[in-house]
Amino acid sequence: MRIESRSALRIFRGMRSTFPILFFCLAGGSAVIGASAELEAALKNFRAEAPRGWSYTQTTAAEGRSTVERSDAAKPEFDRWTLVQKDGRPPTAGETREYFENRSRRSRGGTAPKLVEQLDLSKLEALARDDIRTTYRCRLRPGEDGDKIAGFLRATLIVHRPSATLELIELHNVEPFSPTFGVRIAEMRTRMTYSLPVGDVPSLPQKVETRVRGSAFWFKSLDAELTVTFRDYVRATKRTPSS
């Protein structure tokens, strides 16, 4: 039995403090002592979200439902997002109102843990290397007190060496775990991909894919998949008031 996307997202929110990539809360990293020089350079340049000044369209799909949003970087921060489509059709007035209310609440929320700061590079493994790319793997440090998930996770990082760019970050569990009473997660995997910089166009987010397989109280399935894609990037031009 599969759960509805609304139930799946409730499970995701319950894990956000220790699995922040699910909620696109990655943040830029700084140089990390002891890491490979090429990975250190890529982490220093890394930005999970689109850089300031770039507009884009974001599509979120889960369990047969979808939401299309547009972020206009030329607008003020709290007026930047617009709901374009809901489940393949124009949104109703009620859905648009609910969307802006939810956006407003999220903007007032606290700061999520930064994944880059959770990477434990003290025992970094190089899994593969060719003329252009290196694949690394490392453990995660707990994001906060009471973190019951980080110890079960590993991060895989693919570095494009010529551009010092992180092309891929993937988090996955190495064994089943229980984040809360009655819940057992057999598989949790999130894969986030980025474009390579070209000319004056920086590395930009392309896709986030999340997959969860598990059960609640031994009989209810928690299987769920969530995909977020990013497209139609445009460098924004600040608007001036009309005369």
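Buried residues make up 41% of the 243 residues in the protein chain. Buried means under 20% relative accessible area, exposed over 50%, and partly exposed in between, with a 1.4 Å probe and protein chains only. The model is predicted, so local features need pLDDT of at least 70, side-chain atom pairs count only at pLDDT 80 or more, and totals for chains, interfaces and linings use all residues. Residues are numbered from 1 along each chain as its sequence is written, and side-chain values use heavy atoms, leaving out hydrogens and water.

The protein chain holds four helices and 11 strands. Both are DSSP runs, numbered from the N terminus: helices are H or I with at least four residues, strands are E with at least two. Now take contacts, meaning heavy atoms within 4.5 Å. Among those between residues at least 6 apart in sequence, 49% join residues at least 24 apart.

Next, the interior. A nonpolar core is a set of buried Ala, Val, Leu, Ile, Met, Phe, Trp, Tyr and Cys residues joined through side-chain atoms within 4.5 Å. The largest one here has 41 residues. L39, L43, F46, L119, L140, L166 and Y233 have the most contacts inside it. Strand β8 gives the largest share of this core, five residues. Look at L166. Leaving aside residues up to four places away in sequence, L166 touches L39, A42, L43, F46, L157, I158, V159 and Y194.

Now the aromatic rings. A pair of aromatic rings is described by the distance of the centres and the angle of the planes. Rings of Phe, Tyr and Trp (its six-membered ring) pair if their centres lie within 6.5 Å; planes under 30 degrees apart count as stacked, over 60 as edge-to-face and the rest as tilted. The count comes to eight aromatic pairs. F46 and Y194 form an edge-to-face pair, 5.3 Å centre to centre with 80° between the planes. F46 lies in the loop between α2 (37-45) and β1 (54-62) and Y194 in strand β8 (residues 183-194), so this pair ties together parts that are 148 residues apart in sequence. F46 and Y194 are buried.

Y56 and Y233 have ring centres 5.6 Å apart and planes at 35°, so their pair is tilted. It links distant parts of the chain: Y56 sits in strand β1 and Y233 in strand β11 (residues 224-235), 177 residues apart. Y56 and Y233 are buried. Ring pairs also link Y56, W81, F230 and Y233 into a cluster.
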